[in-house]
Amino acid sequence: MSSKSLAAPAVLGVGILGAGPVTQAIHLPSLARLQDILEVRHIMDVDPAVAGSVANRVGAAFSTSMEELLADPSVDVVAICSPHQFHAAQVIAACRAGKKAVLCEKPFAMSGDEAASLSAVSAETRTPIIVGAMHTFDPGWLAAEAAWGDLPEQVHTIRSSIVLPPNPRFEDFATEIVGRTPMLARDSTDPEVIKAMLTGGVMGLAIHDLPLVRRFTPDFAAVEVLHAEIVKPFGYVISLRAGHVTIELRAAMNATWEPAWEFEAIGDDAALKIDFTPSYVHAGSATAQLRQAGKTTVLGPFGHNGYEGEWRALADLARGDGQAPSGETLLHDLEFALAIAEAAAARVDVQAATRQEATV
């Protein structure tokens with residue numbers, strides 16, 4: 001057990017870097033249910049009005065400086081919820097500040113080299129890092145993982161299907177958002193915009209399920225995107241292969257009346273189907289169905305979902321309990337997502353050239 005875990009107090013103090021919608025509508029409601037083990041002590045945002053307003057909701061201190069938050073002795077663990085380009089530097093700073101554990105929103109780095117650096121700093125400082133891919137902490141997923149036997153060895157097809165309203169709808173159900181930045185309309189016929197939207201879709205939405213996908217794709221480094229297109233007003237359809245496994249990634253964010261988030265892994269004589277709760281919903285865990293030889297086993301729902309699960313895991317790690325994801329796992333998860341995003345964007349040029357040839 002490390003010296004950090006020996007010093008862990010009964011209730012761990014939480015510092016949050018970035019007070020945007022994810023903090024307001026996801027993390028604060030989750031932490032409100034965990035006050036016996038975690039307490040928000042300090043919130044930082046570059047906008048002082050947002051930082052103050054959000055901090056006042058939970059009786060925390062606030063600042064506009066990362067250094068001030070990291071110097072706060074009441075902060076034991078840090079959540080990094082800032083724009084993704086700041087993640088790597090802030091993770092490193094939190095580790096070097098002697099914090100007991102760090103939760104970073106995805107993606108936790110922007111390149112494999114950055115991820116390798118973060119892994120090295122985590123090992124050097126003995127500070128565990130977890131990435132907020134909430135489905136990997138969902139009790140429904142964890143129960144399925146414990147029960148599926150040899151399913152990963154026989155899977156040949158994986159599907160991730162997401163249908164959601166735009167984020168503001170669910171954000172407003174969860175809380176009153178302050179400081180929201182409106183999304184700007186973009187010309188979705190411009191190939192460069194299409195590439196950016198596909199990359200954003202993979203790194204902002206599909207990335208929730210890609211660690212699950214990689215659990216069934218041992219040859220994840222061999223990514224071949226077969227088709228990639230955007231769905232208006234926001235979404236994507238991406239078909240790819242990773243080794244011998246066929247993968248379908250679909251998402252649509254529109255004015256739907258019935259959100260759904262489904263994950264399927266299909267093997268030769270067994271299959272897994274998981275229905276996750278939609279983003280921003282604090283209403284219990286996923287429900288998993290394992291189908292094997294004519295028998296269906298239903299797992300869940302359990303009392304909490306992955307949002308709360310990741311905070312429980314972080315608290316355990318800060319106390320020296322549990323097992324942090326290895327640096328190699330975090331690196332490979334990121335490399336897999338980056339490879340799909342890059343290959344999907346490159347596929348836009350191939351498809352455009354094919355269409356042009358067809359018209360000549």
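User: Is R159 buried, partly exposed or exposed in this model?
Analyst: R159 counts as partly exposed because its relative accessibility is 31%, where buried means under 20% relative accessible area, exposed over 50% and partly exposed in between, with a 1.4 Å probe and protein chains only. The model is predicted, so local features need pLDDT of at least 70 and side-chain atom pairs count only at pLDDT 80 or more, while totals for chains, interfaces and linings use all residues. Residues are numbered from 1 along each chain as its sequence is written, and side-chain values use heavy atoms, leaving out hydrogens and water.

User: And which side chain does R159 meet in a salt bridge?
Analyst: That of E264, at 3.7 Å from N to O, a salt bridge being a side-chain nitrogen of Lys or Arg within 4 Å of a carboxyl oxygen of Asp or Glu. The pair links distant parts of the chain, with E264 in strand β11 (residues 260-267) and R159 in strand β7 (residues 155-164), 105 residues apart; strands (E, at least two residues) and helices (H or I, at least four) are DSSP runs, numbered from the N terminus.

User: How many salt bridges are there in the whole structure?
Analyst: A search of the whole structure finds 13, among them the one between E308 and R33, at 3.0 Å from N to O. E308 lies in helix α12 (residues 306-318), whereas R33 lies in the loop between α2 (21-32) and β2 (38-44), 275 residues away.

User: Buried or exposed, what is E308?
Analyst: E308 is buried, with a relative accessible area of 6%, and R33 is partly exposed at 40%.
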